[in-house]
Each structure stands twice: as C-alpha cells, then as structure tokens.
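Please open the model in the viewer and follow the selections below in order. Each stop names what to select and then describes what is found there.

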Amino acid sequence: MAGEGARPGGGASWLARLWRATGGHAAVQIARGMLTTIKHVPKRPVTVSYPEVKPELGSRWKGLHYLARYENGLERCVGCSLCALACPAHCITVVAAENRDDARFSPGERYARVYDIDELRCIFCGLCVLACPEDAIRMTRKYDFAYSTREQFVYHKEQLLERAPGAAEDPSAWGYD
Ligand code: SF4
Ligand code: SF4
C-alpha cells in the first residue's frame, strides 16, 4: 500500500516497523545478540561429535565400579559391608556367606554371596572405595551406559567381578587409575 514503505506491494520493512514499535530498543538488542554470535565464530568449538569422538575425562574421573581379584584368582571382597555403610546413597547391597574348604571364594572367613550396586542411585562419590579395607571395590573410567529399565542399572556381582566366569565383559578393562 502506498505510504507504508519502500517495498512495492508490501509495507515498511519488518526492521523499520520493529524500530518504530520499540523506539529502536529491539533492534539494538538484536544487534547485540548478533555481535555475541559473531564473537564466537573464530573460537574453537567446545562440543565434540560424540560418540565418534570421546570427550577427555579428568584424571580423577569416577565411573562404573568393579570388584577386583587377587592374582591367584580369589576375590578381594570379604563381604564386610563397610562399603555399604559408607555409601551416602544407600545403593550397595552386600549379603555375606561363609567360605568352606571345598568352596573358597576369598581369603577371609566370608565372601560376598550377593553384591549389588544400583548405579542409578549412585552419586559416584567414591566413598565406598575409600571405606573398603581390602581394596576390593574400585571405580573404572566407564561412563557410557544406558538402559531402558531401572532394573538394568542394578549391577550384580557377576557383572562387577573382574574376570567373572562366563561374563560378557571384564569390567577391569574399563580403565582404572
Ligand atoms: S560411589 Fe558413592 S554413592 Fe556410589 S556406591 Fe560408592 S559410596 Fe555409594
Ligand atoms: S567391597 Fe570391600 S568394604 Fe565392601 S563388602 Fe567387600 S571387602 Fe567389605
């Protein structure tokens, strides 16, 4: 329409209308936003193309746990439950049982018959590692685990134990500092 701007068949440009409507304030804000964007163009990107590119982890990174063995194959864990007591998230369950001469799992009197960690509740603080007198529970550098049910996040002894017979993975291979 005639009289509304320079564009034939249209009104004033959107920028001109915005300028009039806001007294120039919005245009100034848009210009500031664009400046912020332009300032970051020459900078190195902080994102990585995960999962093709893995992020660099800090030297003190705490990931999924594992239960270590001695060189002779015996389990380090003696089922004392000190790790469970130290855990602020109450996510460790230990059920101990007596070793027998014909069925020995650890060097001590007892071993952990059940050892579960609910990794969904875990806050990866490492207190369980500090509390363990046998250096049995350790934390790896594994962080990339995802499941579709809550139950799958509960790791059982068979999954946590180093070189567990028949296990799909050896968790000690997930890295440990
Ligand atoms: S890392 Fe912390 S929260 Fe996780 S199991 Fe150990 S003590 Fe509990
Ligand atoms: S992991 Fe360590 S603290 Fe926990 S039950 Fe086993 S020996 Fe005890």
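**Overall layout**

In this predicted model, the centres of domain 1 and domain 2, taken over C-alpha atoms, are separated by 62 Å. To see the division, colour residues 1–43 as domain 1 and residues 65–174 as domain 2.

Select residues 14–22, helix α1. Of its 9 residues, the number that are buried is 0, and the helix is hardly covered. Next, select glycine 23, which follows α1 and has a positive phi, near 65°.

On the α1 side, the contact is made by Leu15, Leu18, Trp19 and Thr22, and α2 contributes His25, Ala26 and Ala27. By class, the residues of this contact are 5 nonpolar, 2 polar and no charged.

Select ligand 1 and the 14 residues around it. Which of them come nearest to the ligand? They are Cys87, Cys122, Cys125, Leu127 and Cys128. The shell consists of 13 nonpolar residues and 1 polar residue, with no charged residues.

**The surroundings of ligand 2**

Finally, move to ligand 2, which is surrounded by 14 residues. Display Cys77, Cys80, Cys83, Cys132 and Ile137, the closest of these. Colouring the shell by class shows 11 nonpolar, 2 polar and 1 charged residues.

Terms used:
Residues are numbered from 1 along each chain as its sequence is written. Chains are lettered from A and ligands numbered from 1 in the order in which they are written. This is a predicted model: local features need pLDDT of at least 70, side-chain atom pairs count only at pLDDT 80 or more; totals for chains, interfaces and linings use all residues. A residue is near a molecule or strand if its C-beta atom, placed from the backbone, lies within 6 Å of it. Ala, Val, Leu, Ile, Met, Phe, Trp, Tyr, Cys and Pro count as nonpolar, Asp, Glu, Lys and Arg as charged, and the others, Gly among them, as polar. Domain bounds come from an automatic or database domain assignment. A residue is buried if 20 or more other C-beta atoms lie within 10 Å of its own, exposed if 12 or fewer, and partly exposed in between; C-beta atoms are placed from the backbone. Helices (H or I, at least four residues) and strands (E, at least two) are DSSP runs, numbered from the N terminus. Two residues are in contact if their C-beta atoms, placed from the backbone, lie within 7 Å.
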